[in-house]
Amino acid sequence: ENGNGFGSLKTTCCYCGVGCGVVVHKDRNGKLSVEGDKDHPVNKGMLCSKGMNLHYTVMDKSDRLFYPEMRLNKSLQRQRVSWNEALDRTVSVFKTLIEKFGPESVAFYASGQCLTEEYYVLNKLVKGFIGSNNVDTNSRLCMSSAVAAYKMSLGEDSVPVCYDDIEHTDCIFVAGANPAWCHPIIWRRVEAAREKNPALKIIVSDPRKTQTASYANVHLQIKPGTDIVLHHAIGRVLIEAGDIDASFIKNHTEGFEAYSKKVMQRTVAEAAKICDVSEQSIREAATYIGSAKGFLTMWTMGLNQSAVGVNKNLSLINLNLITGYIGKPGSGPFSLTGQPNAMGGREVGGLANLLPAHRNLANEEDRKYVQAFWKSGAISAKPGYTATEMFDALHEGKLKAVWIMGTNPLVSLPDVRKAEEALKKAKFVVVQEASIKPETLKYADVVFPAATWAEKEGTMTNAERRITYLNKIVDAPGEALPDAEILCRFAQKMGFEGFDFKSFADIYKEHCALTKGTSIDINALSYDVLKAKRSVQWPINERGEGTQRLFTDKKFYTPSKRAIIHAVDDDNLSESTTKYLPLILTTGRIRDQWHTMTKTGKVSKLKQHIANAFLEIHPDDAAERSIAEGNLVEITNGRGTVRVKAKLSTEIKKGVVFLPMHWGKILNNDLNRANNLTNNLVDPISKEPDFKFSAVEVKGY
Ligand code: SF4
């Protein structure tokens, strides 16, 4: 910036976990424009459609919350009040509830969009000072199965690879993901890598022939829920062909024998039948992996959002472990983070079962260390409510108050009508939010207007452990404040010490200091280092240099320093289809929208790709129900109904239907909302919901 309020500033895109560098230009009239940062190592100047339109979402203030609001009881309308009045009221209610019902009677539900500083302050506030672990985020709906699987197999929640590995590999297995639409800049790098090296083989497993699957050498169009069977079958072929790394297995892993026995329990032919793909295609995929010099596995929600999400993750990571394709260029397991800063949130321990810097909540020594560092009260050993548990606890009256921060659960939670009933029952609801759109505002007793992207500074970490600094570029509208500042003001009014930070840089410094000596050590990092270097991958040495790849020394973070191969069961624990609910509903994203569309939904250019919710259905399933292209159809089960137009496509597996997850209520009509139908099963370990498998029926309307 040139000091006159115009010029150019660098920042990072706030949508997905790819973490593209963005240059924002501000002209003399304050008008913004954006372009990809050519010097940024992630995107090298490229941006996807969402990133290219970021400036519209910042300049359009028509849907913004400008002032704090509150009401004194639920029969009244909320009124505009001062920050002090809104905060004092919240403090008074929280103090009363905590005194009467204990610290576990209040909870905070935040977002993978939050900056690391916001996560840090929130986590410190709840775990250190309120005295419960009732802080969870929408990352629970996104990456928690990957977090659990990394911990179980590699010892910690650590993505071992980097994006440059795409240019070093000759085989990529994309499992249950559509990066061509959902992580577009990563996919552009994959396409560029294959242009350079036509021998690069791509394997995709997905019940839908997505744009990613169309680009694959082998598309395994599996039946939903059969991923583990598929991964085990590939493992079996690799073992039988001798395409495994016996020395790596012997010296650096545990559990191979049990795994080998497990995968031999089904023949490849049986597995092919269960997955509903050809045996030949499984063998072909295994041959590509076996003959590669580098092998990357990539995955997102198709594996994570499942009642067996952790097992699906483990069974895929096993393929990297038995082949020794980890800790070297072009190889390793690579979870493609959904949200821009889900990783930053995990670093500060911002989930109900985590502690900062990958410390262990169950470990007394770790709890005491963090407690001493924060000079706080005792940290509870009991994990807090996870996202769906919070809403269940509200339903049951165990939880009295919830503070929702930068997320839109009445669109994004599974079995969302039940979640809405839960929010109606809450004694006290705080909504900290930038937009007037979230349905949660209807239930809010207090509203805190929040600053959003480009209106505040801070840091984020992308899917390859790369931390970047985000500049403040414009002022927030009205009286909106950065989330970290709102939380610090609240904490100070609660009488808690340790929240009188002078700047966001100070919050960051404290977070960095707490990582000292851990495997995610960034103690040498600061805003100054980040501004100078632009971005850096953790862990960081004392000279401020980052780490491109983990486990190059083949020493893992487990007690034995060996990676653990888990011989997981291949059962799917999702609900069953029935005679009356014979179709499997799977949900997901479309190319140009982000989450619940509070930002991307207001950019008309982004509606040109797909403007309305729709049901994708196979022509045979449609014909059985006398449904033609464009017909209005009703999708139902015991939980709810969705009514949208049918889009007939041979690219979806017969017996499976797809709804986009972005749409919520439109003028009080909730019939576009996919989560009316999704079930409330969760993975037993990660507690991540089973969004990708719900039994439904479809009929013409
Ligand atoms: Fe933003 Fe993700 Fe698109 Fe990059 S790929 S511009 S981070 S939405």
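User: Which of the 14 residues around the ligand come nearest, and what makes a residue count as near?

Analyst: Cys13, Cys16, Cys20, Cys48 and Gly51 come nearest of the 14. Two or more residues of the shell come from each of α1 and α7 (184–196). Near means that the C-beta atom, placed from the backbone, lies within 6 Å of the molecule or strand. The model is predicted: local features need pLDDT of at least 70 and side-chain atom pairs pLDDT 80 or more, while totals for chains, interfaces and linings use all residues. Residues are numbered from 1 along each chain as its sequence is written.

User: What makes up the shell around the ligand by class?

Analyst: The shell has 9 nonpolar, 4 polar and 1 charged residues.

User: Why is lysine 44 called partly exposed?

Analyst: Lysine 44 has 16 C-beta neighbours inside 10 Å. A residue is buried with 20 or more other C-beta atoms (placed from the backbone) within 10 Å of its own, exposed with 12 or fewer, and partly exposed in between. The count for lysine 44 falls in the middle class, so the label is partly exposed. Lysine 44 sits in the loop between β3 (32–36) and α1 (49–52). Its C-alpha atom is 7.9 Å from that of glycine 21, which is 23 residues apart from it along the chain.

User: How do you know which domain residues 6–62 belong to?

Analyst: UniProt, in an unreviewed entry, places "domain: 4Fe-4S Mo/W bis-MGD-type" at residues 6–62. UniProt positions follow the numbering used here, feature names are shortened, and annotations may be inferred rather than shown by experiment. In the model, the end C-alpha atoms of this span lie 23 Å apart, and the span is 18% helix and 30% strand. Helices (H or I, at least four residues) and strands (E, at least two) are DSSP runs, numbered from the N terminus.

User: Why is helix α5 (residues 144–154) said to be largely enclosed?

Analyst: Of the 11 residues of α5, 10 are buried, so the helix is largely enclosed by the rest of the structure. The buried residues include Ser144, Val147, Tyr150, Lys151 and Leu154. Their cover includes α14 (301–304), α15 (309–323), β13 (332–335), α16 (342–347) and β20. Contact here means C-beta atoms, placed from the backbone, within 7 Å. Just after α5, glycine 155 takes a positive phi of about 100°.

User: What makes both faces of strand β12 (residues 296–299) count as covered?

Analyst: Leu296 and Met298 on one side are buried, as are Thr297 and Trp299 on the other. Strand β12 runs parallel to β8 (residues 171–175), with 4 bridges joining them, and valine 174 has methionine 298 as its bridge partner. Another 4 bridges join β12 to β13, also parallel, where tryptophan 299 stands opposite serine 335. Two strands pair if DSSP finds at least two bridges between them, so both joins qualify.

User: How do you know whether strand β26 (residues 694–700) pairs with β21 (residues 583–588) in the parallel or antiparallel sense?

Analyst: The pairing with β21 is antiparallel, over 3 bridges, and isoleucine 584 stands opposite alanine 695. Strand β23 (residues 632–637) also pairs with β26 in the antiparallel sense, over 4 bridges, with isoleucine 635 opposite valine 698.

User: Why are β17 (458–461) and β19 (535–537) called edge strands?

Analyst: The open sheet has 3 strands in the order β17-β18-β19, with antiparallel pairing. Strands β17 and β19 each pair on one side only. The twist averages 25° from one strand to the next, taken between axes that are lines fitted to C-alpha atoms (for helices over the stretch in contact), with angles from 0 to 180 degrees between N-to-C directions. Strand β18 (residues 466–470) is joined to β19 by 3 bridges, and threonine 468 has serine 535 as its partner.

User: What makes arginine 465 and phenylalanine 551 stand out in their phi values?

Analyst: Neither is a glycine, yet phi is positive at about 70° for arginine 465 and about 65° for phenylalanine 551. Arginine 465, in the loop between β17 and β18, has 25 other C-beta atoms within 10 Å and is therefore buried. Phenylalanine 551, in the loop between β19 and β20, has 19 and is therefore partly exposed.

User: What kind of peptide bond joins tryptophan 538 and proline 539?

Analyst: The bond is cis, with omega about -5°. Proline 539 lies in the loop between β19 and β20 (563–564).

Technical notes
Two residues are in contact if their C-beta atoms, placed from the backbone, lie within 7 Å. Ala, Val, Leu, Ile, Met, Phe, Trp, Tyr, Cys and Pro count as nonpolar, Asp, Glu, Lys and Arg as charged, and the others, Gly among them, as polar.
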